[in-house]
Amino acid sequence: MNKKIPCLDLKGQHLQVKKEIFEAFEKVYEKTAFSGGPFVEEFEKAFANFCGVKYAVGLNNGTTALHLAMLALGIGAGDEVIIPANTFIATAWGVSHAGATPVFVDCNKDTWEIDITKIEEKITPKTKAVIGVHLYGQPFDIDGVAAICKKHNLKFIEDAAQAQGARYKGKSIGGFGEMACFSFYPGKNLGAAGEAGGITTNSESYANHIKSLRNHGMTVRYYHDEIGYNYRMGGLEGASLNIKLKYLPEWNKRRQSIAKRYLSEVKNPAIKMQAQPEWAESVFHLFVVTTEDKDRFVKYLDDNNIIAAFHYPVPCHLQKAYSHLRYKEGDCPNAEYLASHCVSLPMYAELTDEEVQHVIDVLNRY
Ligand SMILES: Cc1ncc(COP(=O)(O)O)c(C=O)c1O
């Protein structure tokens, strides 16, 4: 294959829905509904329905979703929130932006998800919540985390930024915790034409509080009940998400069939993949593998026209931004191993069968 295969290419999907989305943009312009408004409300209803929850609240990105989830729980200075060390850093930002401290816990060495056997040792009198992350689109051990939260009277939040449409024991993620935080960044399985995010919840009071917080802390125009934020979703983003949500099940299915082929047809013991517990139905936002000699592997892929990416090369607890928390190498060994050995393979619904076959052949020849 002469063509380079990137890890992600948004062009194919964009071309597929461009006409419909541009028609929707016309409507947004006709109504000048650029900030919040009917297109965002339509998406909120449709997305709540998609996740099987009562409420969805549209926001401007996934990081602010995590921030507002913390505020809605009353979490702030002096509080601690337990999160996995191997996640995109924004999970931790949500906690830090609220003034609280993220406490990093290692991942399971096979599923690469939060290790439920290591959570309890991190609980202190300051701990208020646990945020589990459905990493790479795969649900984590929700029952395991929920049971610990129940036992210790902690709030439980899902970071579902990477997992729109994933299922846990047959049920859509997004309604298991107090709230679930989503990103609709363009590269996500459901990505807006712009920056966007949102929260799903079954609690009317959380939903109303988030709606107020995203809109300058007001429910009555120009009367501000608390310090608020401008975290609203834009109308163009809402309109594009409305169109793309219709296609999401089909796109997720295609990702799943590509992943199934990678999982069953790559038979190279030098390449390890994320374990797939029977209760988790991943939507494969990313397809990450590990291999001992990462540099050699990545060069080999590149020589064979496969462009890899890395999610994520430095675990959160060792990021410079958190050096004041004084974590050190060895504190979360599984997350550290993953960070220094992870390679993301091409994964998006528009990959052709020929491209998928090429990736499989190249991996088997390594
Ligand atoms: C696990 C996780 N949490 C949170 C976020 C933050 O979302 P956003 O980029 O929309 O702010 C992302 C997205 O990149 C993510 O992957």
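I'll start with the sheet: seven strands form an open sheet in the order β1-β9-β8-β5-β4-β2-β3, and the pairing is mixed. At its edges are β1, residues 55-59, and β3, residues 101-105, and each of these pairs on one side only. From one strand to the next, the twist averages 25°. Keep in mind that this is a predicted model.

In which sense do β8 and β9 pair? Antiparallel: β8, residues 179-183, and β9, residues 197-201, are joined over four bridges. In this pair, Phe182 stands opposite Gly198 in β9.

Next, the helices on the sheet. Helix α6, residues 204-214, packs on it and touches β1, β8 and β9. The direction of α6 makes about 15° with that of β1. Helix α5, residues 142-151, lies across β4 (127-133) and β5 (155-159). Relative to β4, α5 runs at about 180°.

Now the whole protein. How many helices and strands does the protein have? The secondary structure comes to ten helices and 15 strands. Along the principal axes, the C-alpha atoms fill a box of roughly 65 × 55 × 35 Å.

Two percentages to finish. Of the 366 residues, 48% are buried. Among contacts with a separation of 6 or more, 70% are between residues 24 or more positions apart.

Conventions:
Residues numbered from 1 in each chain as written. Predicted model: local features only at pLDDT ≥ 70, side-chain atom pairs only at ≥ 80, totals over all residues. Pairing = 2+ DSSP bridges. Helix = DSSP H or I, 4+ residues; strand = E, 2+ residues; numbered from the N terminus. Axes fitted to C-alpha atoms, helices over the stretch in contact; angles between N-to-C directions. Contact = placed C-beta atoms within 7 Å. Buried ≥ 20, exposed ≤ 12 C-beta atoms within 10 Å, placed from the backbone.
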